[in-house]
Amino acid sequence: MNKIFETPLYPYARSVDQQTAEPAAHKVVIIGAGPVGLAMAVDLKQQGIDSIILDDNDKVSFGSRAICFAKRTLEIADRLGFGDPLVEKGVVWNLGKVFFDDRKVYEFNLLPEDGHKRPAFINLQQYYFEEYLVNRARALNIDIRGRSRVSAVEPHDSHVDLTVETPDGPYHIAADWVIACDGAGSPTRSMMGLDFVGRVFEDNFLIADVTMDAEFPTERWFWFDPPFNRGQSALLHKQPDGVWRIDLQLGWDIDKEEEKKPENVIPRLKAMLGDDVAFELEWVSIYTFQCRRMEKFRHGRVLFAGDSAHQVSPFGARGANSGLQDVDNLGWKLAHVIHGTAPETLLDTYDVERIHGADENILNSSRSTDFITPKSETSRIFRDAVLDLSEHHPFARPLVNSGRLSMPCSYDASGLNGVDALTGAPHRSRPGSPCPDAPFMDGYFLSNLGGKFVVVGLNTDVPDQLDIDGVRVKGLHVDTAHYPLMAERYLGAVAAGVYLIRPDQHVTARWSEFDQAAVVAAVKTALGAAV
Amino acid sequence: MSRLTLSPNIQGADDFYANLLAAHEGLTKAQSDALNARLILILANHIGDRAVLDAAIDAAKSAGPKP
């Protein structure tokens with residue numbers, strides 16, 4: 001077993017807050033030091049906001065857990081300053097193979113579009129993701145308090161009272177804002193008596209991480225109804241360090257404790273991998289899953305992010321990836337509210353925009369689950385028909401659904417969007433959408449964005465800087481003669497244009513030329529000013 | 001946008017119907033169900049137009065006996 005699971009990454013240390021009689025005051029308290037909580041603290045710190053992170057544990061999460069990190073997550077990680085170690089360690093894959101019964105029905109290549117800094121996906125164990133994030137948080141002097149369990153949450157109009165249990169007894173904190181990133185079983189949510197409704201899928205999946213010296217290529221292999229797991233599905237995926245993730249669907253009526261025992265797991269894996277492959281079990285877990293979300297992610301001064309707010313099936317890698325998009329969305333908004341440059345109601349747009357994202361993820365992952373586990377005889381007949389056809393006819397392949405891999409969502413209907421006044425420009429970069437990357441200067445375009453508002457002039461002039469009631473907007477000039485992919489992705493058929501981009505790298509408005517009054521109005525709209 | 005055709009449109013309708021039944025001849029119920037599903041998917045792809053497909057699903061639903 002990897003020793004990363006054994007070593008405390010943020011061991012308990014007595015804090016000064018435990019010596020004071022009065023509750024210690026903090027601007028922001030983040031509950032949970034998983035990928036979402038850690039990233040949240042880093043994002044806020046980069047925007048000048050201090051926070052503390054409380055976690056009842058002191059180590060990385062056990063087992064590989066989330067293993068597929070999407071391009072958008074890597075771009076967010078770049079903005080937060082920990083993208084490079086992820087990509088250096090991660091496994092890049094493009095080829096996927098789909099098997100039905102005893103035969104390969106087709107294969108697909110993700111063929112990522114050229115001219116992006118980051119690949120479509122990397123596979124990486126969650127514990128590495130957390131470790132690199134902790135390193136980044138440490139470099140920013142973020143206070144991570146291990147073995148500090150929040151045992152009471154009392155929201156008030158002006159602040160939130162928290163009780164924290166430690167090995168040295170309890171202490172109290174008065175927080176201006178609390179962000180609950182404490183996972184699908186969120187104790188914060190329970191303590192506040194909030195709902196978490198949705199659909200439970202009656203199925204069990206066995207996840208096994210195995211190390212093996214095998215000649216399997218770096219590809220994603222998915223089986224429907226294979227001979228070694230009749231009537232069920234299976235997935236094989238490569239991770240770094242020679243670790244393979246194997247997912248075996250087990251069905252509903254099983255004895256979980258029995259199935260988890262190595263003497264039952266090993267024969268299943270041998271049937272899949274062949275008798276002659278030597279492997280070692282690193283981690284085994286059985287999970288069932290749900291697709292559900294909270295009705296609202298903002299409850300006054302308590303905000304929920306990641307799995308605590310929404311939960312999806314693992315098909316499509318939409319858990320951790322959507323959690324990072326929550327961070328991306330909330331970080332700049334909360335920073336502006338705390339700095340006094342935006343009204344508190346801006347936080348309600350976190351609710352609107354990320355509920356839209358959560359619903360999209362729940363829809364996609366529910367559909368994948370319905371394809372993988374047909375719920376009726378008729379749905380199984382159609383599923384099998386799609387798979388049989390996919391072997392012979394390309395048209396059926398897009399219908400095969402073994403997970404629609406996570407894509408960032410566009411906030412099309414968001415009230416923060418300004419006008420789309422650049423007729424003929426590409427749909428992909430419309431207001432609300434995440435900025436597409438492209439080669440620019442001696443690197444990539446996205447590296448020049450993020451953390452603050454940017455007004456981009458493509459083949460037209462914009463000021464170097466604007467100050468709008470204390471909000472600084474950076475000007476960026478792009479001459480697309482040198483960067484044809486910038487022209488393709490932002491201008492399309494038009495010769496020039498101006499884009500206003502939010503601190504989370506989403507487009508908020510675009511025009512054919514710079515007009516200061518229009519840009520000022522759009523920045524105010526994006527900061528939640530009443531229009 | 002094209003609309004769902006619900007007036008007679010198959011030339012040699014009797015021959016088509018006979019071919020459809022012939023394709024199912026000798027098949028078990030399960031094999032027939034699978035053939036029908038493949039056929040529906042092939043025809044749906046040929047039509048392609050989502051509005052026409054949705055109209056076809058509605059027309060099929062409303063023509064049967066009330067469940």
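**Strand β7(A) and its sheet**

I looked up Phe69(A) and found its bridge partner in β7(A) to be Ile122(A). This is a predicted model, where local features need pLDDT of at least 70, side-chain atom pairs count only at pLDDT 80 or more, and totals for chains, interfaces and linings use all residues. Residues are numbered from 1 along each chain as its sequence is written, with chains lettered from A and ligands numbered from 1 in the order in which they are written.

I then read the pairing: β3(A) and β7 (residues 121-123) of chain A are antiparallel over three bridges. Strands here are DSSP runs of E with at least two residues, helices are runs of H or I with at least four, and both are numbered from the N terminus. Two strands pair if DSSP finds at least two bridges between them. The open sheet has three strands in the order β3-β7-β4 (chain A), with antiparallel pairing. Its edge strands are β3 and β4 (91-92) of chain A, each pairing on one side only.

**Hairpin β9-β10**

I checked β9 (residues 149-155) of chain A next. Six bridges join β9(A) to β10 (residues 160-166) of chain A, and the two run antiparallel. Ala152(A) stands opposite Thr163(A) in β10(A). The two strands form a hairpin, with four residues between them.

**Strand β22**

Which strands flank β22(A)? I found six bridges to β24 (residues 471-478) of chain A, in parallel, and five bridges to β25 (residues 497-501) of chain A, in the antiparallel sense. Val454(A) has Lys474(A) as its bridge partner in β24(A). Val455(A) has Leu500(A) as its partner in β25(A). β22 (residues 453-458) of chain A is mostly covered, with five of its six residues buried. Buried means that 20 or more other C-beta atoms lie within 10 Å of the residue's own; exposed means 12 or fewer, partly exposed is in between, and C-beta atoms are placed from the backbone.

**Helix α4**

I compared the span of α4 (residues 126-139) of chain A with expectation. Its 14 residues should span 20 Å at 1.5 Å a residue, and the end C-alpha atoms are 20 Å apart, which agrees. The expected span is 1.5 Å times one less than the number of residues. I counted 10 of its 14 residues as buried, including Tyr128(A), Phe129(A) and Leu133(A). What covers the buried residues of α4(A)? The cover includes α1 (35-46), α2 (71-80), β8 (143-145) and α8 of chain A. Just after α4(A), Asn141(A) takes a positive phi of about 60°.

**Helix α8**

I moved on to α8 (residues 320-339) of chain A. Its 20 residues reach 28 Å from first C-alpha to last, close to the 28 Å expected at 1.5 Å a residue. Where is the kink in α8(A) centred? I found the kink centred on Leu330(A), at about 25°. The bend is the angle between axes fitted to the seven residues ending at a residue and the seven starting there. In α8(A), 18 of the 20 residues are buried. Just after α8(A), Gly340(A) takes a positive phi of about 80°.

**Chain contact and confidence**

I finished with the contact between the chains. It takes nine residues from chain A and six from chain B. The chain A side divides into seven nonpolar, no polar and two charged residues. Contact means C-beta atoms, placed from the backbone, within 7 Å. Nonpolar covers Ala, Val, Leu, Ile, Met, Phe, Trp, Tyr, Cys and Pro; charged covers Asp, Glu, Lys and Arg; the others, Gly among them, are polar. The predictor gives the complex an ipTM of 0.96 and a pTM of 0.93.

Technical notes: Two residues are in contact if their C-beta atoms, placed from the backbone, lie within 7 Å.
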